[in-house]
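Welcome! Have a look at the model first, then work along.

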Amino acid sequence: MKNALERLCEVIAYPEPVPEGATRFQLRVDGGDVTVRLVGRRLVLSRVIDREDNDLSQLAIFAAGRILKEEAVLAWDERASVCILWQDVSDNADGAELTHFFEAFMDSCDWWLARAVELNAPPVHFPDIVIRP
């Protein structure tokens with residue numbers, strides 16, 4: 001019988017084979033690494049959110065509102081000194097639940113990655129406009 005990690009990779013049609021009985025696997029999705037782990041009775045997806053050192057406080061402000069909108073949680077991994085986004089689901093979720101779980105997590109990743117890029121984008125400079133009579 002396949003575990004939740006193997007079933008997830010099957011329902012999203014991940015092209016690389018998952019070793020039988022694996023409890024941890026690295027997916028390459030949209031140019032980034034998504035880690036899938038079985039932790040107890042939960043399947044956990046996580047991705048590092050690249051950011052500058054001074055962005056952490058602003059990302060924390062965003063996190064307060066996002067937690068009301070989505071299941072993914074932004075966290076600080078002190079051991080690795082990185083921001084990670086993670087989300088979990090029951091390991092007995094069916095195929096439709098796993099598909100929705102994965103898609104929702106990837107949407108959250110897109111949102112957080114875009115915010116991290118925006119925080120470091122150069123400010124938009126509008127030229128001074130002079131109206132003359």
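**Starting point.** Searching the whole structure turns up seven salt bridges, a salt bridge being a side-chain nitrogen of Lys or Arg within 4 Å of a carboxyl oxygen of Asp or Glu. Please keep in mind that this is a predicted model, where local features need pLDDT of at least 70, side-chain atom pairs count only at pLDDT 80 or more, and totals for chains, interfaces and linings use all residues. Residues are numbered from 1 along each chain as its sequence is written, and side-chain values use heavy atoms, with hydrogens and water left out.

**Exercise 1.** Find the partner of Asp91 in a salt bridge, and say where the two residues lie.

*Solution.* Step 1: Asp91 pairs with Arg41, at 3.4 Å from N to O. Step 2: this pair links distant parts of the chain, 50 residues apart. Asp91 sits in the loop between β5 (82-90) and α3 (95-119), and Arg41 in the loop between β2 (32-39) and β3 (42-49). Helices (H or I, at least four residues) and strands (E, at least two) are DSSP runs, numbered from the N terminus. Step 3: for accessibility, buried means under 20% relative accessible area, exposed over 50%, and partly exposed in between (1.4 Å probe, protein chains only). Asp91 has 17% and therefore counts as buried, whereas Arg41 has 57% and is exposed.

**Exercise 2.** Which parts does the salt bridge between Asp88 and Arg42 tie together?

*Solution.* Step 1: the side chains meet at 3.1 Å, N to O. Step 2: Asp88 belongs to strand β5 and Arg42 to strand β3, so the bridge ties together parts that are 46 residues apart in sequence. Step 3: Asp88, at 28% relative accessibility, is partly exposed, and Arg42, at 34%, is partly exposed as well.

**Exercise 3.** Work out how far apart in the chain Arg115 and Glu118 are, and whether each is buried or partly exposed.

*Solution.* Step 1: a salt bridge joins their side chains at 2.8 Å, N to O. Step 2: both residues lie in helix α3, three residues apart, which is about one turn of the helix. Step 3: Arg115 is buried, with 15% relative accessibility, while Glu118 is partly exposed, with 48%.

**Exercise 4.** In which helix is Asp110 found, and is this residue buried or partly exposed?

*Solution.* Step 1: Asp110 is in helix α3. Step 2: its relative accessible area is 39%, so Asp110 counts as partly exposed.
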